[in-house]
Amino acid sequence: MTATVLGVDIGGTKVALGRVNRDGRILGEVHSYDHGVRHEDELLAVLRARIGRMLGRSKNGDAQPVKAIGVACAGTVNQGAGVVVQSPNLPLVDTKLRAFVENEFGLPTTLENDVNAALWAERKLGAARGVEHALMLTLGTGLGGALLLDGRLYRGAQGAAGEVGHIIVDQYGESCRCGLRGCLEAYVAAPAFERIGFRTVGLFERGAFTGELIGRLAVEGSAAAKQALDEIGSWLGVGISNLTNILNPEVVIVGGGLSQLGDLLLEPARKTVREYALRPGRDLVRIVQAELGPAAGVVGAALLVWDAGASGLV
Ligand SMILES: [Zn+2]
C-alpha cells in the first residue's frame with residue numbers, strides 16, 4: 001500500500017490542496033479555491049471544510065490513504081512552534097495553525113512558510129536540483145524570499161529569516177506596505193509596476209499597469225515599456241547583488257506571478273548583478289525562472305513532511 005501526504009498551500013487569496021506521493025508527484029489534481037476571508041475564524045472554517053473534503057475523498061478503501069498533512073502558509077511562520085506569527089495578506093496573528101489542523105483531523109502535521117515550501121519543491125524537482133546554496137524570490141503583490149544554505153532551509157532564530165522584500169535600498173525612497181520607506185519590494189513587486197509603468201509608458205490610467213500589460217507592450221515593441229521593465233529588473237538586480245554578496249548562492253530562482261515575464265525582467269537583473277556584485281559570487285550565480293509553477297507550494301509542503309519523516313513513513 002502506498003501512502004500519500006496532503007499538501008495545503010494557503011496564500012493571500014487562495015488555498016490549494018493536493019495529494020502528493022514520496023516522489024513529489026501529485027495524485028489526481030491540485031484543488032484551488034479563492035477563500036476571500038477577513039477573519040481568522042473564517043480561514044480556519046475554510047481549512048476545516050476543504051481539508052475534510054480532500055480526506056473524505058481518500059477514505060473508504062483507498063489504496064493510497066493520506067497519512068500526514070503538510071501546510072504551507074504565506075507570512076512569518078515559526079516552524080518549530082507550528083505558529084503563523086503574522087501575515088501581510090491573511091488575518092492571522094500568532095495563530096497555532098499546526099495544532100488546529102492536527103486536532104481537527106488527527107494526522108501528523110507540519111507548518112512551513114509558503115516560499116520555503118516552494119523552494120524545497122524546486123530543490124527536489126525543479127530549478128535548484130543538485131544545488132546546496134539557493135535563494136528563491138517570489139514576485140507578486142509583494143516580494144517573498146527563502147534561503148537554502150548548505151542544503152537546508154534557513155529559517156533564522158524565530159522562523160523570520162528570508163524577508164528579502166524589506167531589504168532597504170533607499171532610506172528615503174518609496175513607501176512600502178510594511179509602513180517603512182525604500183524597501184526592495186516597493187521597487188520590484190506589483191505596486192512598482194503600477195508606479196513605474198505609469199510614469200514611463202503613460203497612455204493608460206495608473207491602476208491599469210500590471211506586469212502582464214507592460215510585458216505585452218514590450219513584446220509589441222514599446223521602447224517605453226521595455227525601459228520600465230529594465231528599471232524594475234535593475235532594482236531586482238540590486239537586491240540580488242546584496243544577497244549574492246552576503247550568501248554566495250549558486251542559483252537565485254525567481255517565482256511568483258510576475259516571474260512569467262522571464263528574461264524581460266531577469267536579463268536586466270543579471271546585467272546589474274554582473275556590475276554590482278563582487279567576484280567570485282557574481283560569476284557563479286545563475287538567475288533563473290522557477291520551473292514548477294503554482295503547484296510548488298502544495299508539492300513542497302508535502303515533500304517537507306516526507307523528508308522530515310513526520311508521517312512515520314520514511
Ligand atoms: Zn517594507
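**Exercise 1. State how much area is buried between domain 1 and domain 2, and which residues of domain 1 lose the most area.**

Solution. The area buried between domain 1 and domain 2 is about 940 Å², and carbon and sulfur atoms give 53% of that area; buried area here is the accessible area (1.4 Å probe) that two parts lose on being put together, summed over both. On the side of domain 1, Thr76, Val115 and Asn116 lose the most area to domain 2, and together they make up 50% of what that side buries. This is a predicted model, in which local features need pLDDT of at least 70 and side-chain atom pairs count only at pLDDT 80 or more, while totals for chains, interfaces and linings use all residues. Residues are numbered from 1 along each chain as its sequence is written, and side-chain values use heavy atoms, with hydrogens and water left out.

**Exercise 2. Find the bounds of the two domains and describe how they meet.**

Solution. Begin with the domain assignment, automatic or from a database, which gives domain 1 as 4-118 + 294-308 and domain 2 as 129-291. Next, take the C-alpha centres of the two domains, which lie 27 Å apart. Finally, look at the contacts (heavy atoms within 4.5 Å), where 12 residues of domain 1 meet 13 residues of domain 2.

**Exercise 3. Count the salt bridges across the interface of domain 1 and domain 2.**

Solution. Apply the rule that a side-chain nitrogen of Lys or Arg must lie within 4 Å of a carboxyl oxygen of Asp or Glu; across this interface the rule finds 1 salt bridge. Arg155 forms a salt bridge with Glu112, with the closest N and O atoms 2.6 Å apart.
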